[in-house]
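Here is a short note for a colleague who is new to reading structures. Please keep the 3D view open while going through the points.

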Amino acid sequence: MAENEELFGPGRQRAFSPYLAPGERKTLRSVMDFAGQPIPSFADELRSLARRFIDDGDSLKLRTICLLVADLFEQGWRVAFEPNRMLFEPPGIARDGNQSIDDIKARVRQALQVARYRQLQEPSVRNFLTRTERRRPRVGKTASIIDLIDDGAELAKEFRRINDLPDTERADQLARLVDPEIEFCEAGARCRDTGLPLNDIWRYFRHTWAHEYRPIPGRQMLVLIRNRARTNRPVMGIAMLASPVMRLSTRDNWIGWLREAAEERIETGEWQAREFARAMRLRIEQSISAIRWDDLATGAEIRSPTEAVALRLEQRAAGAAAARETELKAHYEASLRDHDVARPHRGALKTASADADWRSASEDLLFVRKRAEMLAKLLFAKQVFRDAGLGRSPAKALPSLLTSRDGKRAIDIALAEFRKAGLSSQIADVSICGAVHPYNELLGGKLVALMLTTQELRDAYSRRYGDQISVIASQMAGRPITKPADLKLLTTTSLYGVGSSQYNRLTLRASDYPDIGNDLRWRTIGKSLTGGFGTIHLGSETAQALRNLAFSRHDARRVNNRFGEGTSPRLRQIREGLDALGLKSDAILHHATPRIFYGCELLPDARASLLGLHAGEQEAPSAKAVGAAWRSRWVDGRIRRPETLEGLCRLGPSSIHASLHADEFGQLSLPIEGS
């Protein structure tokens, strides 16, 4: 064991003893005997072996372990083997004290690139890249995606010309050369310059990112930043807004959705006790009104709830959960019998159609459980607030609530409802944000992040999601429910955990740039020093094997990718599979890489308004104003640097083509068309 301790470091190893019979353990041990071979042979050999196992019984377990170890090994995890267990150590942020920030970023990037290179070799991806790069007649001319990549050498030449001008002429000439605009990718919409689908343009440039492209569930808004001052409006950068995660303590603390944060703001006078009390009581009433309760409680019980009512509702929820478990098992057995595959159980209502019967949909066992469970919590909070006299004397009631067990729970319930309302329509996560060649040399990533704060984006977000019927909320209410898509706040997470040059000190002050109206500031809102949970380090083949293992163990498909069933279906399915394998899922899913969290308020007092406080409304800055401020703040100084101009000369169509068509050893597999 001393050797293993030296390999992993004291207390850093994670031990796994999967559920395997003695014969299976012997087979696994023989499989792992070549663990000393270098990447990629070890991981490739494991995958090759895994594909020889069939997805049935013990073979399924062995296949899944092989795929899992291959993924982790490629991602930089250290792997060691003992007779009855395996030992893993995640790479973390630093294995020794000698790593620089650049070393850490390079290691993380290299690990992510493994999966990206593998994806780029998939036939479907190769075909997509080739199709978009091929010149074809479009919009009255022959065009290709290559036409949307600017030539860095040409830009550098123009910048040298501008550098020779007097300062009084620089701003105007820069605007004639670099004039950013924001464009939103709608289904079916095409680029007016090339005729290419906007979604295809976004996807093409997304494949240049450090990690593989994987579609995500929930809302996703694809954004292009383009330079309308240049021929064909070349793409400067891309971004994607996605549904925010439901629980993120760093973000929730920053906003004030955690009890300790709310208490601190009341004590400091940032929030007034009376306003906060009023907002909590109103939030509870609004949440109750958004739940169909006529089959769960009486009107009198809703108006004056008691402890007995809440207990009865909890029992109703437990009964519905048990009945649904039986229903899922029956569906699983019937699906295998009739179709030979574990089809998901979607329920009777699958989409928000005009003729949807929301009342009947609310009687689905999943939503009976959710309605009863949620109503029990809300009525409990309402009762506690009433008994404490929160409406009559908030200044006196709040300190009492904050020191009692029931009071703390009631406040937590109210704050959770604020969080649910905010996350459903007022907050988005920036999951992709950055510049593409050659605009990365001009700090184009900062431009993209700033363009996401504009009124144009808020308006587009409102148009996209403002009139949509919420499938989950409508099944909870038993009637159609729409929510205003009033985007107020953006959050994002660093990829490398050691800071982000893109977001650090990313501030524009209205005193310096009056046209933006309000200060714009991306700020660090917290850090996770121990890392977080995720599935980015596990490939699709491994995820599918883990899903099949979970089906086999439970004789049911418990994660059905269904609205209302829970967030992050991929994460939940993988967690179930790891548990079924006998591995502690948290130990695998915890990537041990620290994360830094950033946030940006799009409007003044945005965070307070997410708790029903200071609900003043005004417009965000325009894209034109933000683009002008970015040129003045960063580009004007950047182009004065010789190293920037030299860097630009190396970037353009050829550099992007090389990043998409090189293998993992950097060798080009295809020439660029026309070269």
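1. Start with the kind of model. This is a predicted model. Please keep that in mind with every distance below.

2. Next, the salt bridges. Side chains of opposite charge can pair when their charged atoms come close. A search of the whole structure finds 37 salt bridges. Three of these pairs are worth a look.

3. Take Arg 228 and Asp 179. They form a salt bridge, and their closest N and O atoms are 3.0 Å apart. The pair links distant parts of the chain, 49 residues apart. Arg 228 sits in the loop between strand 7 (220–227) and strand 8 (235–242). Asp 179 sits in the loop between helix 8 (167–177) and strand 6 (180–184). Arg 228 is partly exposed, because its relative accessible area is 37%. Asp 179 has 17% relative accessibility, so it counts as buried.

4. Now go to Arg 419 and Asp 252. Their side chains meet in a salt bridge, 3.6 Å from N to O. Arg 419 is in helix 18 (residues 405–425) and Asp 252 is in helix 10 (residues 249–255), so the pair ties together parts that are 167 residues apart in sequence. Are these two partners buried or exposed? Arg 419 counts as buried at 11% relative accessibility. Asp 252 is buried too, at 2%.

5. Lys 488 is buried, with 8% relative accessibility. Asp 486 is partly exposed, at 23%.

6. Asp 605 lies in the loop between strand 13 (595–601) and helix 25 (606–609). At 46% relative accessibility, Asp 605 counts as partly exposed.

7. Last, the cysteines. A disulfide is a covalent bond between the sulfur atoms of two cysteines. How many disulfides does the structure hold? The number is zero. Cys 66 is buried, with 1% relative accessibility. Cys 649 is partly exposed, at 37%.

How values were computed:
Residues are numbered from 1 along each chain as its sequence is written. This is a predicted model: local features need pLDDT of at least 70, side-chain atom pairs count only at pLDDT 80 or more; totals for chains, interfaces and linings use all residues. Side-chain values use heavy atoms; hydrogens and water are left out. A disulfide is a pair of cysteine sulfur atoms within 2.5 Å. Buried means under 20% relative accessible area, exposed over 50%, partly exposed in between (1.4 Å probe, protein chains only). Helices (H or I, at least four residues) and strands (E, at least two) are DSSP runs, numbered from the N terminus. A salt bridge is a side-chain nitrogen of Lys or Arg within 4 Å of a carboxyl oxygen of Asp or Glu.
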